[in-house]
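Biologist: I am new to this structure and would like to learn how to read it. Could you take me through it feature by feature?

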Amino acid sequence: MSKDAIYIPSLLQAVAKTETLAIASFIPGLESLTPARGELRVTHCTTYLEVAARAELIATLICHRCLTHYNQRLVVDTTELIWLDEGDLPLPLEAEVKTEDLAESLPARGYFQPFTWLYEQFCLLLPLQQICSDECQGVAAEAQQHEPPLDRRWAGLEVLRQQLE
Ligand SMILES: [Zn+2]
């Protein structure tokens with residue numbers, strides 16, 4: 001099953017109020033070598049949605065140091081609770097819900113978009129500093145290896161070394 005958007009109230013009619021999606025497609029907006037593969041489960045828990053997913057893909061990234069493309073495996077393995085905002089109803093103040101557990105909210109009569117959610121999860125996994133490998137020398141260092149800068153002082157030392165030999 002593949003759905004771009006799940007109408008949230010329709011989950012109440014689903015078995016165990018849960019929809020399970022098999023993920024086997026590219027994530028719009030995310031450059032990747034392979035489509036995302038895995039499973040996403042969304043459960044209606046009356047006042048919030050529980051979204052659990054395990055999915056992976058090989059992302060195509062550009063090294064910040066040498067600007068070449070490289071691949072990196074990203075694995076989403078997470079559960080998130082999404083508060084359902086009834087709009088007209090105030091949030092129950094007595095409910096002890098840690099804010100970090102409810103990072104997001106959606107209108108209770110709105111839509112949950114699995115691929116938008118997955119896109120966000122994959123983006124959270126992207127390293128801040130994208131470096132192709134530990135050995136990456138970067139653009140500047142590579143250029144230096146090919147064209148060593150001429151330095152007269154070192155040239156003089158080289159002449160001296162040859163005279164001594
Ligand atoms: Zn690099």
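Modeller: Gladly. Let us begin with strand pairing: two strands pair if DSSP finds at least two bridges between them. Here β2 and strand β3 (residues 36-44) run antiparallel and are joined by 8 bridges. Within that pair, T20 stands opposite R41 in β3. Please keep in mind that this is a predicted model.

Biologist: What is the order of the strands in the open sheet?

Modeller: The order is β2-β3-β4-β5-β6, an open sheet of 5 strands with mixed pairing. From one strand to the next, the twist averages 30°.

Biologist: Which helix packs on the sheet?

Modeller: That is α1 (residues 114-125), which touches β2, β3, β4 (48-62), β5 (69-85) and β6. The direction of α1 makes about 125° with that of β5.

Biologist: How should I think about a nonpolar core?

Modeller: In soluble globular proteins, nonpolar side chains tend to be buried together. In this model the largest nonpolar core has 32 residues, and the members touching the most others are L40, L49, F112, L118 and F122. Two or more residues come from each of β2, β3, β4, β5 and α1. With 7 residues, β4 gives the most to this core.

Biologist: What does F112 touch, leaving out residues up to four places away in sequence?

Modeller: The contacts of F112 include D4, A5, I6 and I8, along with L40, V42, L49 and V51. I82, L106 and W117 are also touched by F112.

Biologist: Now for the metal. Which residues coordinate the zinc ion?

Modeller: The SG atoms of C63, C66, C132 and C136 coordinate the zinc ion at 2.3 Å. Along the chain, these donors follow the spacing C-x2-C-x65-C-x3-C.

Biologist: Why is the arrangement around the zinc ion called tetrahedral?

Modeller: Ideal angles at a metal are 109.5 degrees for four tetrahedral donors. Around this zinc ion the 4 donor atoms subtend angles of 105 to 113°, so the arrangement is tetrahedral.

Biologist: Is C136 buried or exposed?

Modeller: Buried means under 20% relative accessible area. C136 counts as buried because its relative accessibility is 10%. C132, in contrast, is partly exposed, with a relative accessible area of 28%.

Biologist: Where is Q130 found?

Modeller: Q130 is in the loop between α1 and α2 (138-146). Its relative accessible area is 13%, so Q130 is buried. Setting aside neighbours within four places in sequence, Q130 is in contact with L61, I62, C63, H64, R65 and Y70. Among those contacts is C63, which also coordinates the zinc ion.

Biologist: What should I look for in the backbone angles?

Modeller: Most residues other than glycine have a negative phi. A16 is not a glycine, yet its phi is positive, about 60°. A16 lies in the loop between β1 (6-7) and β2, and A16 is exposed, at a relative accessible area of 63%.

Biologist: What is the phi of T46, and where is T46 found?

Modeller: T46 has a positive phi of about 65°, although T46 is not a glycine. T46 is in the loop between β3 and β4. At 55% relative accessibility, T46 counts as exposed.

Methods: Residues numbered from 1 in each chain as written. Predicted model: local features only at pLDDT ≥ 70, side-chain atom pairs only at ≥ 80, totals over all residues. Heavy atoms only, no water. Donors = N, O, S within 2.8 Å, 3.2 Å for Na, K, Ca; no water. Tetrahedral: all angles 85-135°; square planar, octahedral: opposite > 155°, others 65-115°. Buried < 20%, exposed > 50% of the residue type's maximum accessible area, 1.4 Å probe, protein only. Helix = DSSP H or I, 4+ residues; strand = E, 2+ residues; numbered from the N terminus. Axes fitted to C-alpha atoms, helices over the stretch in contact; angles between N-to-C directions. Contact = heavy atoms within 4.5 Å. Core = buried A, V, L, I, M, F, W, Y, C linked by side-chain atoms within 4.5 Å.
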